[in-house]
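Please examine the strand pairing and the salt bridges of the protein model shown below.

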Amino acid sequence: MLTIKLVSGELIQNVDWNSIPSNEVIRYMDFKVGGQTIRLMGYERYLRLKEMVQGVNVALKGVSKVILIGQNGMMCDKVVVDLINGSVAKEQVCFDEVYNNQPIDDRFWRTGQVLENSNVFIKKD
């Protein structure tokens, strides 16, 4: 479950990423999965992507991965949550290579509240 806390104090839960107002500033972004919470905070921009899986001659359809990204300058902290295998991987990548070795269009990013120490926190619930 994705939860967004805005600087205005509003808490947004279970909505599509594109429905988050682009003029609002994100304080932090939480994603809860498999008994843990992943929090990104302090970044100048945020992005959430989904990878879908579809089976050929098999009844598979749905989200296979959720990708959470926080960007400061040209560097991004990227967290890939593999929903099929139950794994979480964190890496730092350049903005130009954030997804499939290419950048993501600016219209999909949301503005964040910059803090001195941006970070990704992963805690067990």
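Predicted model: local features only at pLDDT ≥ 70, side-chain atom pairs only at ≥ 80, totals over all residues.

Residues are numbered from 1 along each chain as its sequence is written, and side-chain values use heavy atoms, with hydrogens and water left out.

Q: Is strand 1 largely enclosed by the rest of the structure or largely exposed, and how many of its residues are buried?
A: Strands are DSSP runs (E, at least two residues), numbered from the N terminus. Buried means under 20% relative accessible area, exposed over 50%, and partly exposed in between, with a 1.4 Å probe and protein chains only. Strand 1 covers residues 2-6 and is largely enclosed by the rest of the structure, because the number of its five residues that are buried is four.

Q: Which residue in strand 3 stands opposite Lys 5?
A: Two strands pair if DSSP finds at least two bridges between them. Strand 1 runs antiparallel to strand 3 (residues 26-33), and five bridges join them. Within strand 3, the residue opposite Lys 5 is Tyr 28.

Q: Which residue takes a positive phi in the hairpin of strand 1 and strand 2?
A: Strand 2 (residues 11-13) pairs with strand 1 in the antiparallel sense over three bridges, and Ile 4 stands opposite Ile 12 there. Four residues lie between the strands of this hairpin, and the one with a positive phi, near 105°, is Gly 9.

Q: With which residue does Asp 30 form a salt bridge?
A: Asp 30 lies in strand 3 and is buried, with a relative accessible area of 7%. A salt bridge is a side-chain nitrogen of Lys or Arg within 4 Å of a carboxyl oxygen of Asp or Glu. The closest N and O atoms are 2.7 Å apart, and the partner of Asp 30 is Arg 39.

Q: How many residues apart are Arg 45 and Asp 106?
A: The side chains of Arg 45 and Asp 106 meet in a salt bridge, at 2.9 Å from N to O. This pair links distant parts of the chain: Arg 45 is in strand 5 (residues 45-54) and Asp 106 in the loop between strand 8 (87-94) and strand 9 (110-111), and their separation is 61 residues.

Q: What is the relative accessible area of Arg 107?
A: Arg 107 and Asp 105 meet through their side chains in a salt bridge of 3.7 Å, N to O. Asp 105 counts as partly exposed at 40% relative accessibility. Arg 107 is exposed, and its relative accessible area is 58%.
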